[in-house]
Amino acid sequence: MSNPSRVVVLHNWVDLNAYSISTNSQVFASKHDLEGLFLVLFAGVMGYAQDLENVIMAAKQLQNEAKIAFLLIGDGIEKAVLVEKTKALGLTNVRFLPWVSPKEYPQVVSESHIGLVTLKETMKTPVVPSKLLGYMAAGKPVVASVNPESDAITIVKQAKCGLSVEPGNSQVLADAIRHIYRLPDQGREMGKRGRVYAEKNFAKEVILNQYENILQ
C-alpha cells in the first residue's frame with residue numbers, strides 16, 4: 001500500500017444498555033441449576049478454530065476446585081467430540097447448553113464470572129471476537145487464549161480488563177482462571193476497567209462519530 005496512513009480501523013460497537021444488568025440476578029443460573037457456582041463462560045461456535053479441547057483440559061486441571069464450573073453454550077462441528085471427551089475424562093465441572101437467544105445472552109454474561117476468548121495459535125485473524133466486547137460491556141474479567149499478535153490481545157492489555165495467556169497451553173489457562181477465582185477483588189476491578197474502556201471506545205455513538213468524521 002502506497003500510503004498506510006490513509007487506512008483507519010473502526011471497531012464494531014456494542015449495545016452497552018443491553019449489558020447493564022444487575023449482577024445479583026440469578027435467573028439463568030437458577031433455571032439451569034448453576035446457582036452458587038463460579039461460572040467460566042464460553043458462548044459461540046464450537047469449531048476447530050476455537051480450541052475448546054484446550055478448555056476441556058483446563059477444566060480437568062481445575063476439577064478439584066469445587067465451585068468453578070465451565071459453561072459452554074452453543075453448537076458446532078466439534079461439540080459432539082468435546083462432549084464425549086468430557087465424559088471420557090469423567091469431568092463434572094463442564095456443562096454444555098444449546099444456543100441462547102440474543103435477548104437472553106446478556107443475562108447469561110451478567111451471571112458469569114469470567115469470559116473466555118479462545119482461538120488456536122494458528123488463527124492470526126485480526127478480527128476481534130464479538131464476545132470480548134460483550135464481556136467488557138457487562139463488566140466481566142476476560143481470560144484470552146489467542147495468538148499474541150491478535151487485536152483482541154491488544155484490547156485486553158490496553159483496557160487491563162483481564163489476563164492473556166499462551167494459546168494451546170491448558171496449564172496457563174487453568175492458572176489464569178484460578179487466579180481470578182481466588183482473588184475476586186482483582187477480577188471485579190478488571191471487569192470495571194473493561195466496562196469503562198467499552199464506554200469510551202465501543203459505544204454506538206462513539207463508533208458512529210468516527211464514521212462521520214471519516215466521511216466528512
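This note comments on the sheet, the salt bridges and a surface patch of a predicted model.

1. Six strands make up an open sheet with parallel pairing, in the order 3-2-1-4-5-6. From one strand to the next, the twist averages 20 degrees.

2. Strand 1 (residues 38-45) is largely enclosed by the rest of the structure, because seven of its eight residues are buried. Eight bridges pair strand 1 with strand 2 (residues 68-75) in the parallel sense. Within this pairing, Val40 has Phe70 of strand 2 as its bridge partner.

3. Strand 4 (residues 114-118) and strand 5 (residues 142-145) run parallel and are joined by four bridges. Here Leu116 has Val143 in strand 5 as its bridge partner. Helix 6 (residues 151-159) lies across strand 5 and strand 6, at about 140 degrees to strand 6.

4. Ser145 belongs to strand 5. Its relative accessibility is 1%, so Ser145 counts as buried. Leaving aside residues up to four places away in sequence, Ser145 touches several others, among them Asn54, Val117, Thr118, Glu166 and Leu173.

5. The whole structure contains nine salt bridges. One of them joins the side chains of Glu104 and Lys31, at 3.9 Å from N to O. This pair links distant parts of the chain, 73 residues apart: Glu104 is in the loop between strand 3 and helix 4 (105-111), and Lys31 is in helix 1. Glu104 is partly exposed at 26% relative accessible area, whereas Lys31 is exposed at 61%.

6. In helix 7 (residues 170-182), Asp175 and Arg178 are three residues apart and therefore separated by about one helical turn. They form a salt bridge whose closest N and O atoms are 3.0 Å apart. Asp175 is partly exposed, with 33% relative accessibility; Arg178, at 19%, is buried, the cut-off being under 20%.

7. Helix 8 (residues 184-201) holds Glu189 and Lys192, also three residues apart, about one turn of the helix. Their side chains meet in a salt bridge of 3.6 Å, N to O. Glu189 is partly exposed, its relative accessible area being 38%.

8. On the surface, Trp13, Leu208 and Tyr211 form a nonpolar patch, with about 300 Å² of accessible area together. Trp13 is located in the segment before helix 1 (27-31) and, at 40% relative accessibility, counts as partly exposed.

Definitions and conventions:
Residues numbered from 1 in each chain as written. Predicted model: local features only at pLDDT ≥ 70, side-chain atom pairs only at ≥ 80, totals over all residues. Heavy atoms only, no water. Patch = residues over 30% accessible without salt bridge, like charges linked within 9 Å, V, L, I, M, F, W, Y side chains within 5 Å. Areas by Shrake-Rupley, 256 points an atom, 1.4 Å probe, with all protein chains shown as cover. Salt bridge = Lys/Arg side-chain N within 4 Å of Asp/Glu carboxyl O. Helix = DSSP H or I, 4+ residues; strand = E, 2+ residues; numbered from the N terminus. Buried < 20%, exposed > 50% of the residue type's maximum accessible area, 1.4 Å probe, protein only. Pairing = 2+ DSSP bridges. Axes fitted to C-alpha atoms, helices over the stretch in contact; angles between N-to-C directions. Contact = heavy atoms within 4.5 Å.
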